[in-house]
Amino acid sequence: MSYNLRFKVRSLASLPASEESEDSQIRFLVGTTTLREENEIHVVEYSEASNDLTCLAVLSHPNELWSITPCPADPSLMFTTYSQAGKSNASLWRVPIDAIEERATHKLEMEECLRIKTPSNTVWSVLWDPNICEGHEGPMSVISVESHHLRQWTIGEDGSSAAAAAIVEMDPDSEPFTAASWDPHWDHLVATGHGRNVSIWDLRSSNQTVAYSIPNAHRQRLRSMDHNPDRLYLSLIHI
């Protein structure tokens, strides 16, 4: 089983299943990275019954993608991070869900709700608050991950505004952040990887407090990490 695209791929994300969808619905977002042509996000569905992958829709994206992060509370919203003119920024997009469900044969356009720009211009990932779910009402929280900063933002309910709420800043001469995960059990804790080290940050503190750390956790640089949503104190790290 394989799925082929015209361009190279760097980003892959699972799409949260809607409560109204069938139990067997398994969907992914796949983002391309090309410098000379318009990039794409493919909405791909996997069928357990037939063991097939089907493209439901192709979304246009203006820049080469670094990451895709769907909103767990609203399937029509997602963040992407991307490179543009040597800078790395993040945008929140509204996706045409109805057109995807109808399996439109033409490439679909997304609506850019807002763009997150920071002084460092190094936003390479965005984390949604893991405790929000479908049906959530009111503002939502996200964290932008930069080379040496974590910034917490409050996103307006309609996705049209963002306000910075908290920040963690590393020494600019230290190893940059290369991985991050927001703890789904303790919403004030964020795990990061920088170099070969793992640090857990307490967002409640105004003093950028490291709750605990694991120096030299791996022999090589950490590339990604994620928490186990079902069990405390377990995380998966990719090097």
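1. Start with Asp202. Setting aside neighbours within four places in sequence, Asp202 is in contact with His188, Leu189 and Thr209. Contact means heavy atoms within 4.5 Å. This is a predicted model, where local features need pLDDT of at least 70, side-chain atom pairs count only at pLDDT 80 or more, and totals for chains, interfaces and linings use all residues. Residues are numbered from 1 along each chain as its sequence is written, and side-chain values use heavy atoms, with hydrogens and water left out.

2. Asp202 lies in strand 15. Strands (E, at least two residues) are DSSP runs, numbered from the N terminus. Asp202 has a relative accessible area of 14% and is buried. Buried means under 20% relative accessible area, with a 1.4 Å probe and protein chains only.

3. The structure holds two aromatic pairs. Rings of Phe, Tyr and Trp (its six-membered ring) pair if their centres lie within 6.5 Å; planes under 30 degrees apart count as stacked, over 60 as edge-to-face and the rest as tilted.

4. Phe79 and Trp128 form a tilted pair, 5.4 Å centre to centre, with 50 degrees between the planes. Phe79 is in strand 6 (residues 77–84) and Trp128 in strand 9 (residues 125–128), so the pair ties together parts 49 residues apart in sequence. Both Phe79 and Trp128 are buried.

5. Phe177 and Trp201 have ring centres 6.3 Å apart and planes at 85 degrees, so this pair is edge-to-face. The pair links distant parts of the chain, 24 residues apart: Phe177 is in strand 13 (residues 177–182) and Trp201 in strand 15 (residues 197–202). Phe177 is buried, at 3% relative accessible area. Trp201 is buried too, at 4%.

Methods:
Helix = DSSP H or I, 4+ residues; strand = E, 2+ residues; numbered from the N terminus. Buried < 20%, exposed > 50% of the residue type's maximum accessible area, 1.4 Å probe, protein only.
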